[in-house]
Amino acid sequence: MKAFIKKEFLHIFRDYRSMVILFGMPLVMVLLFGFAITNDITNARIAVLDNSKDVVTRQIIQKLVSSGYFILENNITNQNEIENVFTRGKVKEVIVFESDFANKLITGGNANIQLILDASDPNTANIVTSYTSGIIASYSMELMKQRSIAPVNINIESRMYYNPELKSVYMFVPGIITVLLMLVSAMMTSISITREKEMGTMEALLVSPLKPFQIIIGKVMPYMVLSFINLVVILILARFVFMMPVAGSLTLLLAESLLFILMSLALGILISTISRTQQQAMLLSMFALMLPTILLSGFIFPIENMPAILQYLSHIMPSKWFIIIVKNIMLKGTGILYFWKETLIIIVMTMFFIVMSIKKFKIRLD
Amino acid sequence: MSADINITNVSKSYNEVVALKNINLTIDNGELFGLIGPDGAGKTTLFRILTSLVLPTDGEVHIGELDVVKDYKKVRRNTGYMPGRFSLYSDLTVEENLNFYASIFNTSLKENYDLIKDIYIQIEPYKKRRAGDLSGGMKQKLALSCALIHSPQLIILDEPTTGVDAVSRMEFWELLKKMQKRGMTILVSTPYMDEAALCDRVALMQNGKLLAVDKPQNIVNSYKGSLFAVSANNMHSLLSDLEKLDNTKQVFRFGETIHITSNIESDNQYIEEVNKHLVSCGYNNISIKKTNPVIEDCFLALMDIETEDKDKAE
């Protein structure tokens, strides 16, 4: 078995294309996703309709611009110009201060800001809103300290939903971890097993005294190790490039990931038992695993917004449950008590796939 | 384990296609046995049944005491199999391939070095080369080494010399003879009739049936009828003109000449008839000689009987 694993590693290292997939993919994906989304927010253009033009409003605008996330595109004077500004396309957000803003805030403790967002790109709009709100909130805290006045309240009214995570990078790292683990584990395993079938080497392996589980473990081990290395690379990138810490237990995260890798590998073997050629294995992995993982797991599109039938379908996607677990550990920092159900679902799925794949693994050619 | 093989009433069909029809065959321990037949005769299917890779639709196969279906694990441990397709890892080196195959049989190159020494010394200079970069003959030698590495009692080689140059083919057969001297039972298939003479016994196979099983010499001796080798100045049209002859059973190209078989008793009368026919067709330098049949002639004669029987049955 040791020799089998060694041989499998040799295959991987001699095939530079696989190496590119294995190690290039996580880097490219994380960096692309990360910067593509964050760049949008650092350069968001805004317009201001200041009906008050006092010290406080000027300070708020100053604060927004100096945050680095926003560029003040223009000042408008009239409600009617708002639509005009949006149709020109550059401005993502218009900030409207009500008249007599400072006075109302300091004496009455209450003032209103309206955020109007270009909703053609809901993702960006969401993030822009949360950034603006965050900055305004921190300003009102400062204001209280500076002037030592009673708590003031700036009411922010926006049409966009509040995005509690603030940074989108936090949303996609769990998704990318899931997609990549699935891709490397399931697709690469299924391809490498079908390759043996196609090349005729499976014939030689089958006539040897190797037992099916030995062949399977020999095939699977190297990809398990590589997936794990991939995971670590993504986590390091998330931590040091995107400053995304792991809020919960790192050990727990790695353990859950290992479980998910195991499940993906079992799925990969199952795919290889039903496909005859490498192309079939690849297409099957793509359509049966990758697309649902990306589309139905809640990675990009919120499951709550899907039609009921797709919501049901998402329940049988192992990736959905894994994303919930990863988000819990990485973002909320919760422990196993909060997601033991999800873990259990994945364990059951894993067992099912392992039993199925060993059963379906053919000891003969026909 | 004794490695005599008993094949009893074995049939195999894939859906509609019948690959093997009621095969009965006994191969003795220590024999070098050849399975001769054209592509699609069913040789590979029979070998796969023997190596337990494929289940027979009907019938039983025993290797020594072992049933290939029930005791497939033991059968696999004691059998060396070299599939018809090159089935080594072309991205691994010669040495890595050998070590890998040794280790999956729980042995090592060192342990059985003596066994494969004769073959291995021929490929050893290339041991750091990747298997995919070897020449055809070298690949087959490596594949044979891999099939032998666990010191099996029975080795089954599926068309090991197909696509290999003449010199390598002879070398390969010499190696098989050496293996036989070590007491192994060797079962080898080939589409090349000339290799049949190198086996102890051969089975001629076609359309999933065994046409004859005997020593090569016996098969040749049992040839019925007279065989003539014909040549003339214009070989291109000779074949079709000979096919128009009366009293002639078979006409086929054989190397530089064309072999024809007579349907009548008197050889001299037949030669005269052929000569007359060819002269009337305008040939020069006509040579008609009685010749001794080789395996190929026997095979073609047997095939002919086979199709005649079939025609009658229909």
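The legends below describe views of a predicted model with chains A and B.

**View 1. Chain A and its secondary structure.**
Chain A contains 14 helices and 5 strands. The chain has 366 residues, and 49% of them are buried. Its contacts can be sorted by how far apart the two residues lie in the sequence. Among contacts in chain A with a separation of 6 or more, 77% join residues 24 or more positions apart.

**View 2. Chain B and its secondary structure.**
In chain B there are 10 helices and 14 strands. A box of roughly 70 × 45 × 35 Å, taken along the principal axes, holds the C-alpha atoms of this chain. Of the 314 residues in chain B, 50% are buried. For contacts in chain B with a separation of 6 or more, residues 24 or more positions apart account for 69%. Chain B exposes about 14600 Å², and carbon and sulfur atoms make up 46% of this area.

**View 3. The interface of chain A and chain B.**
On one side, 24 residues of chain A take part, and they are in contact with 31 residues of chain B. The size of an interface is often given as the accessible area lost when the parts come together. Here, the area buried between chain A and chain B is about 2600 Å². Carbon and sulfur atoms give 58% of that buried area. Which three residues supply more than any other three of the area that chain A buries against chain B? They are R14(A), V207(A) and R364(A), and together they supply 27%.

The rule finds 2 salt bridges across the interface of chain A and chain B. One salt bridge is formed by the side chains of R14(A) and E96(B), with a distance of 2.8 Å from N to O. R14(A) is also one of the three residues named in the previous view for buried area. Polar contact across the interface of chain A and chain B is found for 9 residue pairs, with both residues at pLDDT 80 or more.

**View 4. The side of chain A that touches chain B.**
Three elements of chain A each give two or more residues to this side: α1 (2–14), α7 (169–199) and α8 (201–206). The largest share, 6 residues, comes from α1(A). By residue type, the side of chain A that touches chain B divides into 12 nonpolar, 4 polar and 8 charged residues.

Conventions:
Residues numbered from 1 in each chain as written. Chains lettered and ligands numbered in written order. Heavy atoms only, no water. Helix = DSSP H or I, 4+ residues; strand = E, 2+ residues; numbered from the N terminus. Buried < 20%, exposed > 50% of the residue type's maximum accessible area, 1.4 Å probe, protein only. Contact = heavy atoms within 4.5 Å. Buried area = accessible area lost by both parts, 1.4 Å probe. Salt bridge = Lys/Arg side-chain N within 4 Å of Asp/Glu carboxyl O. Polar contact = N/O pair within 3.5 Å; in protein donor to acceptor, adjacent residues only side chain to side chain. Nonpolar A, V, L, I, M, F, W, Y, C, P; charged D, E, K, R; others polar. Areas by Shrake-Rupley, 256 points an atom, 1.4 Å probe, with all protein chains shown as cover.
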